[in-house]
Amino acid sequence: MNALRNWAALNRPFLFFIGRFLLTFFSLSAIYAFYLVYVEKQGDLDLVTYWISRGSHEFARAVGVADCEWSCFLDGCYVGRPGRMVNILEGCNGLRLAIVYAAYIIGIGGWNWRSLLQMAVGLVVVQIFNIIRIGGLIALRDFGGDLYFYFIKYVFGVWIYGSIIILWLLKPRIDRWLGAKS
Amino acid sequence: MKKAFLIGLMFVWFVPSIKASDNTFEETFEGMFDSEELFYDSSVAMDPPPPVPLDGGLTALILAGSAAGYRYYRKKRA
């Protein structure tokens with residue numbers, strides 16, 4: 001018991017970080033959940049899924065997927081060439097991952113302008129990585145073969161999670177760029 | 001006489017034709033509201049487009065965030 005108390009005393013900043021991290025994560029998740037309930041009641045598709053699918057559609061066209069179609073329904077969007085489309089659901093839009101990213105930034109830095117700036121820029125960066133991921137999957141599905149399944153299972157998972165972890169590890173450096181005292 | 005003959009001929013021709021059209025009506029709409037079990041061959045149906053899921057590793061990412069935070073504070077303490 002004493003050892004635990006000593007450890008807690010020694011790691012007080014870390015415990016405060018865990019508190020802020022989880023509190024921010026659950027608060028932002030709750031706001032997002034309320035938003036999803038609201039749009040469902042309105043009989044609408046959430047805007048994050050809409051814009052991510054639109055961005056993925058544009059990316060797929062930019063990398064050469066000819067006749068790429070894009071259509072949205074209440075449960076998500078279909079993007080790609082007819083017969084080779086991918087289904088972008090709410091769970092694919094990457095916002096929950098971006099919320100974990102933002103919760104970490106607030107957990108480490110607290111509620112100040114540097115954290116809020118990094119949070120806003122980071123949310124956009126994570127979503128850009130997600131658009132590249134989904135656009136790449138559309139292109140691979142159009143291309144055909146087993147490469148699509150390999151990429152969806154391994155490569156793009158590492159890609160999107162890796163992008164978040166790299167942004168986390170870059171945070172002290174970004175703080176220094178923004179003039180924070182180390 | 002001629003007129004009566006023509007009217008009689010028309011009557012003889014017209015009455016069966018009315019009966020025939022009654023039958024046609026019944027035959028046309030016979031079984032209209034009978035329900036039939038729809039035939040559905042799942043092997044012919046197109047596969048739905050695959051989803052591109054992502055959030056399966058949310059818990060893992062939270063744990064990774066905690067580990068990164070621990071590393072950050074340990075470095076800061078040292």
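How closely do the axes of H4(A) and H2(B) come, and at what angle do they cross? Select these two helices to begin: their axes come within 10 Å and cross at roughly 20 degrees. The axes are lines fitted to C-alpha atoms, for helices over the stretch in contact, and angles run from 0 to 180 degrees between N-to-C directions. H4(A) is therefore roughly parallel to H2(B), a term for angles under 35 degrees. The crossing is right-handed, that is, the near helix is turned clockwise from the far one by less than a right angle.

The model is predicted, so local features need pLDDT of at least 70 and side-chain atom pairs pLDDT 80 or more, while totals for chains, interfaces and linings use all residues. Residues are numbered from 1 along each chain as its sequence is written, and chains are lettered from A in the order in which they are written.

**Helix H2 of chain B**

Select residues 58-77 of chain B. This helix (a DSSP run of H or I, at least four residues, numbered from the N terminus) has 20 residues and reaches 29 Å from its first C-alpha to its last, close to the 28 Å expected (1.5 Å times one less than its number of residues).

Colour B:Leu61, B:Gly65, B:Gly69 and B:Tyr72 next; these are the buried residues of H2(B), buried meaning 20 or more other C-beta atoms within 10 Å, exposed 12 or fewer, and partly exposed in between, with C-beta atoms placed from the backbone. Because they cover an arc of only 85 degrees around the axis, they lie on the same side of H2(B); the arc is that of the directions from the axis to the C-beta atoms. On the other side, exposed residues include B:Thr59, B:Leu63 and B:Arg74.

**What covers it**

Show chain A again. Helices H2 (12-41), H4 (95-109) and H6 (147-177) of chain A are among the elements covering the buried residues of H2(B). Within H4(A), the residues that meet H2(B) include A:Leu97, A:Val100 and A:Tyr104; their counterparts in H2(B) include B:Leu61, B:Gly65 and B:Tyr72. Contact here requires C-beta atoms, placed from the backbone, within 7 Å.

Then select the whole contact, which takes 31 residues from chain A and 20 residues from chain B. The largest share of chain A's side, seven residues, comes from H6(A).

**Two further stops in chain A**

In helix H6, find A:Ile160, which is partly exposed, with 19 other C-beta atoms within 10 Å. Its C-alpha is separated by 9.5 Å from that of A:Ile132, 28 residues apart along the chain.

Finish at A:Asp67, in the loop between helix H3 (47-62) and strand E1 (69-73) of chain A; a strand is a DSSP run of E, at least two residues. A:Asp67 has a positive phi of about 55 degrees although it is not a glycine. Most residues other than glycine have a negative phi. A:Asp67 is exposed, with 9 other C-beta atoms within 10 Å.

Methods
Contact = placed C-beta atoms within 7 Å. Parallel < 35°, antiparallel > 145°, perpendicular 65-115°, else oblique.
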